[in-house]
Amino acid sequence: MSVASRVGVERDFAATLAQVRPEAEKLMAEYPQKRSALLPILHAFQNVEGWVSPEAMAAAAAMVGVPVSVVESTASFYTLFFRRPVGQYVLQVCRNLSCRLRGADEIMAYFREKLEVGHLQTTADGRLSYEEVECLAACDRAPCMQVNLEFVYDLTRVKVDQVLDAISAGTFETKPLPQTVPPGRTWHVGHEAPKKSPGAQGVSNPNDPGGIGDATGENTILRLVADPRLIAARPTDERLVREGRRLIHDGEVSH
Amino acid sequence: MPTIKVLTDGIGEVDLRDCDVYRGRGGYEQWKRVVTKMQPSDVVDLVSKSNLRGRGGAGFPTGRKWGFLPNNGRPRYMVCNSDEAEPGTFKDRMLIEETPHQVIEGMLIGTYAIGAKRAFIYIRGEFKRGYEIFTKALAEARAAGFVGERLFGTEHGIEITVHRGAGAYICGEETALLNSLEGKRGEPRLKPPFPAIKGLYGEPTVVNNVETLAFLPYILKNGPEWFAQIGPPKSPGLKVVSVSGHVKKPGNFEVPLGTTLRELLELAGGPLEGRKIIAVQPGGGSSACLFEEHLDLSYDFDTMAANGTMLGSGAVVFFDDTTDFVKAAHALVRFFAHESCGQCTPCREGGHWLELTLERMLHGDGLDSDIDMLLAVSRQLTGINLCPLGDSIEPFLASVVKRFESQFRGYVKAEAVA
């Protein structure tokens, strides 16, 4: 079965399914109720495809016997399931307390500058995905990160350079994730910035809360917060970037 | 007070991942004794006598937790909670990765004690390496006849399933964990009923932390008195404490409860060169901050509670005089806002609101009214949620706003809003 996924790239999902199915059967037999195998099955699909595709979620739903919407809802709860394609290396840098006390902010700034990405964004060449994550339980070696879930400790600018160089040279110890579909600039579902504003055409769009052609929603919110009595908190530039409502660097936004 | 190595003994010296190495040091002997010579109620009695309290965060007496299971003839489950994600905590990851067999032995003993035949271990999704190490160790234990059917020639059998999460702090909350283990969103359940009555698949279930279970073989081996007489009587025993932050040698230190915070600081190499410790968060991201005048307090469940904070998961973060407490508070508030499951409005909206406010202050747009608002909002969102996540925002935030108000005022750039 060849399918065109939501991102419009044809690929052979039948091969994926043939590979995952025996493992899934084994997983389902291991639990008193087969739905318990849902997370492990989604992990299995992601191991093969590099992400949890809509086809994978539909297949998993059929296996454990729940509606597709339930699987989508469940998958969306967990940060490690990528529901859009990601790069071959997912770099997850800790931003929590112990790492921040030991210089994580500087490390994150360096990653952003060097890779020209923001939080939850993939590099222009589609190879590296970057995310700032919560405590990874390696506070004794702060600041820390994971590369495809393998720990890298005691980060410094020099160490970051070494990691990125090793990835470029293909000598990094962790294997690349499979890449079945080219990734867009973010994998955060619902936060992909549209290329053009649909708001002007009166189309309801979650990125256009005012429905006034304000594609990023930014102007609407900024107008609201011009009077601080109306709203005490307003999104900062960093947040707009993080939520995909503004790109940190100019460039084509895919999806 | 020095460290006393029991759970951490041998780590970094021998390969405790190897089943034979673990057995060579007396491993699985207590499990054999339990299955062949003891009744489940004998084990419960011993653990009750040891006064072992849960090492995951709540500090609930383990023997009493086991005693809540009803005798209703239904299947029972033991679940080991290894979804360690409390900011500052890194002890369970070490135990899973470095000494998986003592965790397996503890799980087996606990499972037997509660009369269950099935056990699960829920390992945090980010611990991919730990999951692989644990899975391999379990296969070795099964091959050696410690897990499975007809154990040691008896009619007893116990199966263990390793389950990997997928990234969600809230799954460390026991009812959220059970939902996640059932293949659902990791949203906490309304309690009561508690898991002991209606847990996994609606059946009686005990959820115990990794470290709690890992102590069981040693309590059986050395006797409950051995454990009970270490440290304060109501809060006895050893604890693996994760020390991080502004110290020279961060790490895990296994110490008797009752060790002082200052002694923990010394174990971790003391403050960085030329710096002075001015605050300490003693029990993970959810706990209120203590300050330099508290450093000689006894580190145990009851003393921490009496001083308005908690021992929690045993994550101690030290802060020196270079700390920006607005940034520190922002890191933790952002964490709780990010990890809120979204079921309860106060936690979902309140956490987000506080995060945006702190973010705005850090970006130079602080209002005079923000200080009071941080305190008011965090207070108001507390105590009215299904689970403790929302309630975890206030303790640290309020304690540092009150203590370091001048730092927060330093970010104020505008007059109060009328």
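Helices (H or I, at least four residues) and strands (E, at least two) are here DSSP runs, numbered from the N terminus. The structure is a predicted model, in which local features need pLDDT of at least 70 and side-chain atom pairs count only at pLDDT 80 or more, while totals for chains, interfaces and linings use all residues. Residues are numbered from 1 along each chain as its sequence is written, and chains are lettered from A, with ligands numbered from 1, in the order in which they are written.

**Chain A: two loops**

Select A:E116 to begin, in the loop of chain A that runs between helix 6 (104–115) and strand 4 (121–122). Its phi is near 55°, a positive value in a residue other than glycine. Most residues other than glycine have a negative phi, and most peptide bonds are trans. A:E116 has 16 C-beta neighbours inside 10 Å and therefore counts as partly exposed; a residue is buried if 20 or more other C-beta atoms lie within 10 Å of its own, exposed if 12 or fewer, and partly exposed in between, with C-beta atoms placed from the backbone.

Go on to A:P143, in the loop between strand 5 (128–133) and strand 6 (145–147) of chain A, where the peptide bond from A:A142 to A:P143 is cis, with omega near -10°.

**Chain B: one loop, two features**

In chain B, select the loop between helix 8 (174–181) and strand 4 (205–209), which holds B:P193. The peptide bond that joins B:P192 to B:P193 is cis, with omega near 0°. The loop between helix 8 and strand 4 of chain B also contains B:Y201, which is not a glycine but has a positive phi of about 55°. B:Y201 counts as partly exposed because it has 17 C-beta neighbours inside 10 Å.

Next, select helix 3 (residues 40–50) of chain B and display its buried residues, which are B:V43, B:V44, B:L46, B:V47 and B:S50. Looking down the axis of this helix, one finds these buried residues within an arc of 165°, so they line one face of the helix; the arc is that of the directions from the helix axis to the C-beta atoms. Just after helix 3 of chain B, B:N51 takes a positive phi of about 60°.

Finish at helix 5 (residues 91–98) of chain B, where 7 of the 8 residues are buried, so the helix is largely enclosed by the rest of the structure. Its buried residues are B:K91, B:D92, B:R93, B:M94, B:L95, B:I96 and B:E98.
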